[in-house]
Amino acid sequence: MQTSYAPSSTSLTFKEVRTLALASLGGALEFYDFVIFVFFTEVIAKLFFPAGLSDWIRETQAFGVFATGYLARPLGGIVMAHFGDIHGRKRMFTLSVLLMAIPTLSIGCLPTYRSAGLAAPLLLLALRIMQGIAIGGEAPGGWVFVAEHARRQRVGIAVGMLTGGLSFGILLGSLVALGLNVKFSQAEIESGYWRIPFLIGGVFGFLAMFLRRWLDETPVFEEMRMRSAASRELPLRVALRNHRRAVITSVISTWMLTAGIVVVILMTPVLLQKLFGLAPREILMANLAGTAALCLSTVTIGAATDRFGIRRVFIPALTLMIAATYALYLGAERMPFALLPLYALAGFAVGGVVLTPILMVRSFPAQVRFTGVSFSYNIAYALFGGLTPLVVSSLARANPLSPAHYIAGVTVLGIVAISMATTRQPSGERDIPFTRGLS
């Protein structure tokens, strides 16, 4: 039995546009809070760790603190998803923003190593863990929220728009970092202006929480509530027992997502400066172009899956991601004058990672969808996203092309995972099937 929710037209209704806009904007503001740290890794390394250590050791320690945010994600993600599958998506979607705003604002007020000694990096670590707990429920909750609000012909573009919103948070981080580097010298930034992005992030977080008060609960969960169809067992137990294949393919596919975002978008600006001696402002401009292209490509590729089916889209999209990453690193070494267009191409290609959430929201039934997506996504980020900065930065010292090699290897695994994925169409709920090209 299938339930009809919308007219057959494939155009977005005003309510769908409003829901997607509010969810995407809120996601952008919260994701800014989480990623702004990486744009100031070099400054944080100097201010929060002993001056007697070498630059590489201090930056590795700073990347380690950054990585703890990923390691903490499963805790927040699993707990919020559990209550999201039982009590509603909207409540947890709003709570995650508040939990992010508080530590982000606090980081902007922290004392440095010079004034607080060992307490400074320990406090930074604790606040980064709090950020990780908060972000654990953000992306999975957002994907489930917009997918369950969208009609079956528009799930791809809905997930693509939400992912574009999250990516826009990275773009905001790039803009703020670029603005500070243009306006102030490195010495001035280190003297205290580095705090501004984190203070702004705290304000962004509270604004995002306010925006989400205007969102409605998803029709899928409302129907579950009326039919008393919410999972009576522990949702995580049901997901692991009945949907193991979906969990495994989702974890592997998320590894690919972490590689694209963490390496190409977040780490590459620091790596290009260290490996090839490129000017920070030129790198930031190129990163800005790449991130803007990423925001557009997630929507484009999401819409393409609605039109052609994920099976016809994922091979060319992910092959382009591998090729464009190699082009970026080879070009940075041999043709630095072409850095901006090469980074824009790489950013657009990384938009292929939107296939991961599109895959996941279609792989679990509604009763455990939030939990299944959140567990798979956050476990993968904890295992792979947390280790990626440390592994890639270490390998890059031996071989400047190591980041591209890493992207290539993980993307091949992602292709295999998507090829193996299957989806369910549970009866009695508005299912989210793959469109043409699946099977």
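Buried means under 20% relative accessible area, exposed means over 50%, and partly exposed is in between, using a 1.4 Å probe and protein chains only. Keep that handy for the exercises below.

Before you start: this is a predicted model, where local features need pLDDT of at least 70, side-chain atom pairs count only at pLDDT 80 or more, and totals for chains, interfaces and linings use all residues. Residues are numbered from 1 along each chain as its sequence is written, and side-chain values use heavy atoms, with hydrogens and water left out.

**Exercise 1. The overall picture**

Describe the secondary structure and overall dimensions of the protein.

Solution. Start with the helices and strands, which are DSSP runs numbered from the N terminus (helices: H or I, at least four residues; strands: E, at least two). The protein has 21 helices and zero strands. Next, its radius of gyration is 21 Å, close to the 22 Å that the globule rule gives for 439 residues, so the protein is as compact as a globular protein of that length. For that check, the radius is taken over C-alpha atoms, and the rule is 2.2 Å times the number of residues to the power 0.38. Along the principal axes, the C-alpha trace spans about 65 × 45 × 40 Å. Finally, 60% of the 439 residues are buried.

**Exercise 2. The core**

Find which residues touch the most other members of the largest nonpolar core.

Solution. First, know what to look for: a nonpolar core is a set of buried Ala, Val, Leu, Ile, Met, Phe, Trp, Tyr and Cys residues joined through side-chain atoms within 4.5 Å. The largest one has 126 residues, and Trp143 and Leu266 touch the most other members. Helix H14 (residues 244–276) gives the most to this core, with 17 residues. Now zoom in on Leu266: skipping residues up to four places away in sequence, its contacts (heavy atoms within 4.5 Å) include Val35, Phe39, Tyr70 and Ile170.

**Exercise 3. A loop residue**

Locate Leu110 and work out which residues it contacts beyond four places in sequence.

Solution. Leu110 sits in the loop between helix H5 (89–107) and helix H6 (113–116). With a relative accessible area of 7%, it is buried. Its contacts beyond four places in sequence are Phe48, Leu123, Leu124, Leu127, Trp194 and Arg195. Take Arg195: it is 85 residues from Leu110 in sequence, with 8.7 Å from C-alpha to C-alpha.
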